[in-house]
Amino acid sequence: MKWITARRRHPLAGYVVVILALALFGVGYAAVAPTSDQAQAQTLAADAPSPEDVDVAEGKTIFDQTCASCHGLDGSGGEFGPDLRDVGPAAIDFQVSTGRMPSMNPDAQMPRKPMVMTEQELADLIAYYNESIRNDGSGADVPYDVPDIEPHPDDFAPLRSDFDSEEAYEKAVEEAEAEYQAALEDYQAEYDAYISGADDTEMGMRLYLTNCAHCHGWSGGGGALTDGRWAPEIHESTPREIYEAMVSGPGAMPMFSDGVIAPEEKQELISYVKTLQAEPDAGGIFNLQRVGQVAEGLIGWVVGLALIVACAIWITAKQRAHD
């Protein structure tokens with residue numbers, strides 16, 4: 001007891017007590033915090049575009065020009081690119097539609113960029129991949145019945161050089177505008193039906209927090225990983241891109257395949273992610289990039305306790321100087 005009493009008066013004793021208290025608090029929270037059940041899943045079966053809508057020969061030309069230099073003419077991979085034969089068309093669609101491929105630097109993690117191909121070129125490329133490169137049944141199919149990117153007016157705009165007169169061009173512009181509006185309405189109806197079809201917000205939140213939040217952040221803002229890599233923010237991701245990322249496991253992301261998250265559970269998770277995208281940021285200037293309630297709370301506790309300890313030391317020092 002005398003040993004403890006003597007050291008209780010040591011100048012560093014207060015710091016030791018605070019550190020021990022924080023450590024015990026953290027261990028205690030980890031011990032009593034509830035754990036989420038491991039999610040169960042499978043991929044979505046969907047129909048590819050009809051053969052009349054794609055050009056396999058054009059897809060081969062695109063592959064030879066943009067992919068073969070890294071992945072080989074037969075897709076078997078090489079020094080600068082992995083083997084594509086078993087990754088599945090969902091992986092091809094994800095990498096190309098998010099602008100990560102084709103890449104000018106195969107050794108670096110690529111950020112999201114505008115797609116360098118047109119939608120038709122991507123469809124042709126996937127058709128060639130399915131016919132000539134993909135191993136039978138390998139990888140996940142593209143989930144065509146999950147909404148993708150919203151149609152853009154430029155996709156329907158006619159070229160002035162294709163018309164001999166101004167009147168014909170103006171008429172084509174009017175027809176293109178009508179086509180765009182019809183496509184936009186169809187897309188919005190499809191999107192609303194898919195998102196509103198998820199009716200278990202708690203399940204979606206639990207799946208996201210269990211499988212995604214530790215890398216992408218509780219708000220979907222992304223975060224740093226090891227070896228200089230990062231988990232990208234997912235606010236701009238479409239439902240199909242999120243689905244494809246889950247079933248293909250790009251980069252350091254684990255693959256949530258048939259035995260991990262079921263299609264209806266994926267739908268719940270994606271619907272929850274879309275609510276995160278619409279959630280306003282009420283954090284003000286000290287939002288800490290919305291790293292999460294637990295992390296923000298821990299920072300608050302540490303900073304607050306540090307200030308309290310500093311004030312206590314300052315008051316004690318002033319009192320001793322006064323005495």
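Begin by selecting Tyr-208, Met-246 and Leu-269, which touch the most other members of the 24-residue largest nonpolar core. Such a core is a set of buried Ala, Val, Leu, Ile, Met, Phe, Trp, Tyr and Cys residues joined through side-chain atoms within 4.5 Å; buried means under 20% relative accessible area and exposed over 50% (1.4 Å probe, protein chains only). The model is predicted: local features need pLDDT of at least 70 and side-chain atom pairs pLDDT 80 or more, while totals for chains, interfaces and linings use all residues. Residues are numbered from 1 along each chain, and side-chain values use heavy atoms, without hydrogens or water.

Next, colour helices H7 (166-196), H8, H10 (239-248) and H11 (263-278), the elements that give two or more residues to this core. H11 gives the most, with five residues. Helices here are DSSP runs (H or I, at least four residues), numbered from the N terminus.

Return to Met-246 and display its contacts (heavy atoms within 4.5 Å). Beyond four places in sequence, Met-246 touches residues including Met-253, Phe-256, Lys-266 and Leu-269.

Finally, select Ile-62, Ile-92, Leu-122 and Ile-126, which are among the 15 residues of a second, separate core.
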